[in-house]
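Please look through the sequence and the structure shown here before reading on.

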Amino acid sequence: MKYAELKIQTQREAPNNAQTEGFAFLVRAGYLTRENEILPLGKQAISHIQNLSSDPSFLFHLTLPLLHNKTEIYFSLSTGSTEIVHCSSCNYTERLELAQFEKTPFSQEEQLPIEKVLTPDCNTIESLANFLNIPKEKTAKALMYTRTSDNQFIFVVVRGDMTLSEAKLKNIIGEVRMATAEEITNAGAAAGFASPVGLKNALIVMDDIIPQSPNLAAGANEDGYHLLNTNCGRDYSPEIAADLIQAKAGESCIHCASPLATLPTLNLAARSEFNFENILLALAETHHDEKGLTFPKSAAPFDVYLMHIPGKAVNTVEKAEGIYNALQSAGISVLFDDRDERAGVKFNDADLIGCPIRVTVGEKNLKDGNIEIKERTDKANQLVPIEDATSFIKASILAPNLGTM
Ligand SMILES: [Zn+2]
């Protein structure tokens with residue numbers, strides 16, 4: 001393809017909204033706009049990556065540092081929108097909202113008699129724990145939903161120091177919405193002072209640590225009152241007990257008990273559905289140097305960046321055109337910079353765009369029948385006779401990638 005066909009516009013400076021180097025170079029090299037819209041060169045790059053994806057394991061051959069589980073593949077990036085939990089000891093990797101962790105039960109204690117106490121204005125876990133002077137883990141938190149499929153009222157119980165993962169809840173019981181004030185009243189509960197004790201027609205779903213958490217303070221289902229020492233099994237019976245809690249950084253790994261980390265990532269693939277825009281960004285983040293992008297040979301939008309240096313005595317563009325045709329006939333993909341620009345401008349653009357091999361057709365070397373070939377990640381260039389150019393470039397493309405990470 002010719003440079004003008006792709007309407008490439010490179011930029012001297014990184015856009016001021018760029019938060020990562022890879023994004024900055026994709027904008028500067030003309031793959032994306034600063035608003036993250038894909039330009040023709042970006043579309044070309046993505047369609048190339050799409051072709052690679054006929055082999056579902058292709059991502060693992062792109063020298064990208066990946067985190068993955070059985071269904072999804074992630075790339076760690078500060079601007080990524082998919083939060084995951086990762087264990088660096090055993091490589092356990094899961095979306096934050098679905099990640100499991102090892103919960104620490106209380107030391108066992110005897111069940112104490114239930115007791116109703118006046119707790120004015122204590123309609124949050126925070127205010128209740130403060131008022132009763134107990135830690136938050138000695139309270140039960142109530143969350144009330146209605147299942148959308150059958151309008152079943154759902155009463156969820158988690159420990160006061162833990163956070164419900166709605167994703168886990170929905171995986172167990174289906175889609176839900178917040179319960180209305182009327183639905184809460186009809187079930188016999190009181191918002192802010194709710195507990196599963198004495199409810200009517202409620203499906204009680206609780207976290208699996210609750211049965212091992214004796215004597216929790218919970219609502220009395222009456223405004224201004226709570227119950228001390230509620231005990232699952234004695235005071236109420238849940239229909240479902242399951243893991244409902246969202247993991248946090250520092251919790252213990254469910255498999256090896258090492259501390260878990262949470263990190264933002266790009267989601268590159270879910271069940272063999274690839275996100276090609278994210279893959280392009282991950283490639284740019286991993287493969288660049290101070291001058292621009294350094295795509296690995298297999299993933300670059302073009303194998304070769306071909307350019308001529310406008311000459312005085314020799315028609316260099318015509319010579320370059322001949323090489324362009326010969327390379328394309330040999331199945332090599334070429335971006336031909338046939339602009340009437342100074343060499344320095346073209347070298348800079350070639351470095352920014354990041355094709356693995358640069359071919360320069362200039363007057364001086366043509367006099368000796370040579371063209372100049374340089375790998376993007378090498379410092380040195382080589383002079384190669386024109387007639388050998390195609391076979392030389394073919395061999396370079398097939399050679400292992402020595403590119404920098
Ligand atoms: Zn682990």
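Domain bounds come from an automatic or database domain assignment. On that basis, the chain of this predicted model is divided into domain 1 (3–99 + 261–286), domain 2 (115–242) and domain 3 (304–398). The centres of domain 1 and domain 2, taken over C-alpha atoms, are separated by 41 Å.

**Overall form**

- The chain has a radius of gyration of 31 Å, whereas a compact globule of 405 residues would have one near 22 Å.
- Taken along the principal axes, the box filled by the C-alpha atoms of the chain is roughly 100 × 40 × 35 Å.
- The chain contains ten helices and 21 strands, and 38% of its 405 residues count as buried.
- Among contacts in the chain with a separation of 6 or more, 67% are accounted for by residues 24 or more positions apart.

**Nonpolar cores**

- The largest nonpolar core has 69 residues, and those with the most contacts inside it are Leu26, Leu268, Val304, Tyr305, Leu306, Ile323 and Val334.
- Helix H6 (residues 276–286) gives this core its largest share, which is seven residues.
- At least three residues of this core come from each of domain 1 (3–99 + 261–286) and domain 3 (304–398).
- A second, separate core has 32 residues, including Val158, Ile184, Ala187 and Ala220.
- Leucine 306, one of the residues with the most contacts inside the largest core, touches Ala320, Ile323, Tyr324, Val334, Leu335, Phe336, Asp337 and Val359, when residues up to four places away in sequence are not counted.

**Helix H1 and its partners**

- Helix H1 (residues 21–28) is mostly covered, with seven of its eight residues buried; these are Gly22, Phe23, Ala24, Phe25, Leu26, Val27 and Arg28.
- After H1 comes glycine 30, whose phi is positive, near 85°.

- Most residues other than glycine have a negative phi, and most peptide bonds are trans.
- Alanine 257 is not a glycine, yet its phi is positive, at about 70°; the residue lies in the loop between strand E14 (252–253) and strand E15 (261–270).
- Is alanine 257 buried, partly exposed or exposed? A residue is buried if 20 or more other C-beta atoms lie within 10 Å of its own and exposed if there are 12 or fewer, so alanine 257, with 14 C-beta neighbours inside 10 Å, counts as partly exposed.
- Serine 272 also has a positive phi although it is not a glycine, in this case about 65°, and its place is in the loop between E15 and strand E16 (273–274).
- Serine 272 has 9 other C-beta atoms within 10 Å and is therefore exposed.

Definitions and conventions
Residues numbered from 1 in each chain as written. Predicted model: local features only at pLDDT ≥ 70, side-chain atom pairs only at ≥ 80, totals over all residues. Core = buried A, V, L, I, M, F, W, Y, C linked by C-beta atoms within 7 Å. Helix = DSSP H or I, 4+ residues; strand = E, 2+ residues; numbered from the N terminus. Contact = placed C-beta atoms within 7 Å. Rg over C-alpha atoms; globule rule 2.2 N^0.38 Å.
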